[in-house]
Amino acid sequence: MAYEALYTRGRPKTLLQLVGQEHISNALARAISGDKLSHAYLLVGTRGTGKTSTARLLAKAMNCDTVHEAQSAGRPLEKKEIPCNKCDSCLNFDSSPDNVEFDAASNRSVEDVNRLLSTAYLAPLRARVKTFIIDEVHMLSFEAVNSILKLIEEPPPNVAFFLATTEINKVPMTIRSRCQVLNFRLIPQQTIAPYLMKLARRLEVDLHEDAAKKIARLAEGSMRDALTCLDQCYAMADGQITLDDVNETLGLISDERLDEVIAAVRAKDRAAVAAAVTNAFSSGLGANAIAEALITRLRDIQFEMIARGEKNFSEQDRLIDALRKSVGEMYGSGIPEIILEMTLMKLVAPAQNFAAPIPTVQPTSTPVPENLDAGQKIFYDVVTSDGTDAALRSMLQKAVVTNFSDDTLTLTFKTSAMASTFKSTQLTNFEREASQAAGRAIKISVAVDENLPPPILNNMAEPDRTHLLNAMNIFRASDATIINE
Ligand SMILES: [Zn+2]
């Protein structure tokens, strides 16, 4: 017998089986019991959260004999009997010519849509209600939307529409305002994991709890993704599915290997880091995937720490920040492995950056201009202003404010090439923005200083920024070359 995918087998057959969307199934059960269904629904939510399944359940329920009998008799219906799945109408639903389903992503044009909706004005062949289920409705062309709109505004008798979308913001307001909107939530891991366990028992597979939890976590709120994952593992399984099976089948690295790397970094043991990284690479995963797995693992550990009531996350944050940055650097790089190794090695180096308090020392040789702070404030106002364009902002991120006197702000760059580029492309722009930020005319002068400390202040939070500013005041370019005079 052909194997039926879990994703199809796990699809809910009644409103009771609609997992993780009880707010929707309860409301719909009440509406059906009271015979108060709308003729147009907009189902909104991330992929795999049950939108199409719900649309099918509703379409089926609208035609179900048992539902109709209960409605006529005024008998309230339970979720497990919506629809009944036993009457003729339910049994023939899948092949019913009165239920039309299509994907707007591949039927975008007005011609496609008119063809598919052409039967809307004809009476249903067998069913009570003719139903149209349209997926990804935000993909429709403007004209196609208008065709649907006309039908929803003045619906022919006995027609119902179910429009599903992952991007509500792209659905025109005219459609949204004429439909009853059902918002689907991401399904929590705590709901997905037990559901997978239940499904596995039905399949007579011993799914280990940690394996189920891992799949639930990977699914990120999508039941369809969870079922597809379980399906892949099930196909390879030999009566049982362990955490290792999940990792192996899905090409993942085990938590133990990730924990080895994290422990080595925490222990500041360079040799152990090297060994753990080599071990991690032997999983066959690329550096990028490993870095992302490490970030996810650190996040999980952080949640465990929060649950234990721990308060200090600075080490945790330091690791996550460094790895996140390295992931960015890896894109488009030919040496992602080395970037990951170096990132981890650097984390092992004693925390010479701003973890330890840097004493505030006033420089003796170079007097600090009194209003350097005022200059820096103008600089930051420009950098953080929404009106500042990306090119200017990106140049400013390479610069440091080293002087501010007589309304002249000195920006220092590390190389003369950078300084020249800034002068020729962004100086006027910055002068204008700075004047606007200060509320008076500000002149800009450009300097070069090879020993300039890294201009990382833009991304730095207090008190680190103050520490660094103090340090910079000490180093500050007394010998900086002013090149624009
Ligand atoms: Zn039925």
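**Sheet and cores in a predicted model**

Student: How do you know that strand 3 (residues 130-135) and strand 4 (residues 159-165) pair?

Tutor: Two strands pair if DSSP finds at least two bridges between them, and strands 3 and 4 have 5 bridges in the parallel sense, so they meet that definition. Thr131, for instance, stands opposite Ala160 in strand 4. A strand here is a DSSP run of E with at least two residues, numbered from the N terminus, while a helix is a run of H or I with at least four. This is a predicted model, in which local features need pLDDT of at least 70 and side-chain atom pairs count only at pLDDT 80 or more, whereas totals for chains, interfaces and linings use all residues. Residues are numbered from 1 along each chain as its sequence is written.

Student: What makes strand 2 (99-103) and strand 5 (180-183) edge strands?

Tutor: The open sheet has 5 strands in the order 2-3-4-1-5, with parallel pairing. Strands 2 and 5 each have a single partner strand, so one side of each is left without a neighbour in the sheet.

Student: Why is the set of 67 residues called a nonpolar core?

Tutor: The name applies because such a core is a set of buried Ala, Val, Leu, Ile, Met, Phe, Trp, Tyr and Cys residues joined through C-beta atoms within 7 Å, where buried means that 20 or more other C-beta atoms lie within 10 Å of a residue's own. Those with the most contacts inside this largest core include Leu43, Phe162 and Ala226. Helix 11 (residues 223-236) gives the most to this core, with 7 residues.

Definitions and conventions:
Buried ≥ 20, exposed ≤ 12 C-beta atoms within 10 Å, placed from the backbone.
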